[in-house]
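The following paragraphs lead the reader through one structure, from a single loop residue to the sheet and then to the charged side chains.

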Amino acid sequence: MSLDSLLYSALGHNGDDLKFIFVGGKGGVGKTTSSSAIATLLAQHCNKRVLLVSTDPAHSLSDAFRCEFGNEPTSPGMENLHVMEVDPTETMERELNKWADLAKEIAVANDGEGDGKDGENDMVAKIKQFQEWLSGIPGIDEATALSSAIEHIESNKYDLIVFDTAPTGHTLKLLGMPDILQAGIEKLQGWQTTLWGYWDVLKGMGNSASRNRLHAKEEVAEMLENYKRGIQKVALMLQDQRRTRFVVVCIAEYLSVSETQRLLSELKKNRVRASHVIVNQLVVENALSKDELEELEGLAEVGSLMLNQELLAKTVKSCQLTTSRKGIQEKYLGQLRAFPETKDMLDSICEVPLLAEEVTGNEALRRFAEHMVRNPPSKAESASSSTDSGPVRLYDDELEKKSAGDSEEKKAEGEASSWTPSKGDSVKIKGLSKAAQYNGLEGVVSGALDAETNRCGVRIEYNGKAKTLALQMKNMTLLHKAKKAKSDKSSDSASSKSAASPPGGETMSKAMQVLEDPEIKALVDGNPAFKEAVEDCLANPMNIMKYLSDPEMAPLVSKAMSKLNF
């Protein structure tokens, strides 16, 4: 019936280390007032340094406290409490502008290394694509705002952050955000690896712009890694069973209670710990019962010389309204208590009465907050445990372990996929999620690898019938290569030499293929210097670096760049 257990969790009871409280729910149910009251309780009863943050685009904290807030923490005049209203749109614009500035920096680093048109900077194009993709993800603005708020906890200036979140729909989108972002960021990381590899080969590393390009390259990698870690921290924060609680706010009506059940279900599915539901605007305790209302109506019907009849009629109407609301609220409170999600997840349902006063300003918020607790911590229990031990790093250990695990997994995958499938190779199928029945089966490669789809045919036997699957490299493990005829020795020798080539050989081979393009050939045939350069490079492929760093070769470089498809 109260938020007492939330306050005790903030004090470290039951092994908890509460740092983050999310307050969410349907719009118009008192979410902002409730989050403001929770922050007030934590600052007052727990003696904790509290930061209240709004990530709702329709900011209302300024109205609740009757004080102007912005992107920097500001005190509303309460001890231990600071408030800030993060504008998700503005935060997202700043993030996108960083990428735009980086694209310009790369373009500058690439200036003068071609005619600038056919050799349009591909990394700039890819960064712009990433910007467009990033800005189009539903809920990305709030995720970015949350990521920036983690810095305030890591600064060790605050013990707790209370988030006044956007309405339910935004919250649900937020839960799926990390996986979506992870896929997009990894794609851009893949783009940058490929693109820088081509640049290193085709543009040379010894020219005047190489240092600028190297700086831009490092900055791209650093920004991607920082953004990735920020979003990963949001995911870890949301699902942190010790440090995070989600408090759902509703009113006892059909739409709000139904949405609360859906939200609780989604939170459970996404391993987010919901601890309380606050039910606002209740008249259950103070409204007349049906019997009491009938008695009042009887008195009004026979009348009394002692009572003003108009006043009596208004009194009856008012009581009819509150009694009717009481019946509705009792019905939906009963449904809320009976939900399986409520029984499985929650510590308590906090019932808050409808108040006669408007809840704005510090004193009104304090009075409202007291309706949410029954036996709050005493002063002795809430003696300050805050320390100024300097900045802390949340989730870095978890991310490092995850990164190490991912690296080992990728290494294993890389070792398994370092071969190129050939007809007759024996493979084992793995990692299929939608067709998991084939996992573990052995098969034989029946066709060459398709360069566009990265798939090849694998012939298997399933349920007594022959079947051919089109599998990606990641879904196959090589068991053993097909036996080669003696006549293949020469090709084996060539393959061995190729395998022994230095790093970058694959990129060099692709660059040479570009030089075989008919348009490039025509350019070479029309210029003796180009022809000599090509012949020299064919004799010694490493010489391509020397010729492609020559300013006279810029037109050829530009054309070659335009022929590369990323």
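Predicted model: local features only at pLDDT ≥ 70, side-chain atom pairs only at ≥ 80, totals over all residues.

**A guided reading of the model**

Asn-47 is found in the loop between helix 2 and strand 2. Although Asn-47 is not a glycine, its phi is positive, at about 55°. With a relative accessibility of 26%, Asn-47 counts as partly exposed. A positive phi, of about 65°, is also found at Asn-156, which is not a glycine either. Asn-156 belongs to the loop between helix 6 and strand 4. Its relative accessibility is 11%, and because buried means under 20%, Asn-156 counts as buried.

Seven strands form an open sheet in the order 3-2-4-1-5-6-7, and their pairing is parallel. At its edges stand strand 3 (81-85) and strand 7 (348-353), each of which pairs on one side only. On average, neighbouring strands of this sheet are turned by 20° against each other, direction ignored. Leu-51, for instance, has His-82 in strand 3 as its bridge partner.

Helices pack against this sheet. Helix 2 (residues 31-45) touches strand 1 (20-25), strand 2, strand 3, strand 4 (160-164), strand 5 (244-251) and strand 6 (274-282). The direction of helix 2 makes about 170° with that of strand 4. Helix 10 (residues 254-269) lies across strand 1, strand 5 and strand 6, and runs at about 165° to strand 5.

Side chains of opposite charge can pair when their charged atoms come close. How many salt bridges does the structure hold? There are 17 salt bridges. In one of them, the side chains of Glu-358 and Arg-66 meet at 4.0 Å, N to O. Glu-358 lies in the loop between strand 7 and helix 14 (362-370), and Arg-66 in the loop between helix 3 (61-65) and strand 3, so this pair ties together parts that are 292 residues apart in sequence. Both Glu-358 and Arg-66 are exposed.

Another salt bridge joins the side chains of Lys-233 and Glu-154 at 2.6 Å, N to O. Because Lys-233 lies in helix 9 (residues 210-238) and Glu-154 in helix 6 (residues 140-154), the pair ties together parts that are 79 residues apart in sequence. Are these two residues, Lys-233 and Glu-154, buried or exposed? Both are buried.

A further salt bridge, at 3.2 Å, N to O, is made by the side chains of Asp-344 and Lys-268. This pair links distant parts of the chain, with Asp-344 in helix 13 (residues 340-345) and Lys-268 in helix 10, 76 residues apart. Asp-344 counts as exposed at 54% relative accessibility, while Lys-268 counts as partly exposed at 45%.

Asp-4, in helix 1 (residues 4-10), is buried yet has no salt bridge. The nearest side chain of opposite charge is that of Arg-374, 6.7 Å away, whereas a salt bridge needs nitrogen and oxygen within 4 Å. The side chain of Asp-4 does make a polar contact with the side chain of Ser-2, at 3.3 Å. Leaving aside residues up to four places away in sequence, Asp-4 touches Val-373, Arg-374, Asn-375 and Pro-376.

Definitions and conventions. Residues numbered from 1 in each chain as written. Heavy atoms only, no water. Pairing = 2+ DSSP bridges. Helix = DSSP H or I, 4+ residues; strand = E, 2+ residues; numbered from the N terminus. Axes fitted to C-alpha atoms, helices over the stretch in contact; angles between N-to-C directions. Contact = heavy atoms within 4.5 Å. Buried < 20%, exposed > 50% of the residue type's maximum accessible area, 1.4 Å probe, protein only. Lys, Arg positive; Asp, Glu negative; His and termini not counted. Polar contact = N/O pair within 3.5 Å; in protein donor to acceptor, adjacent residues only side chain to side chain.
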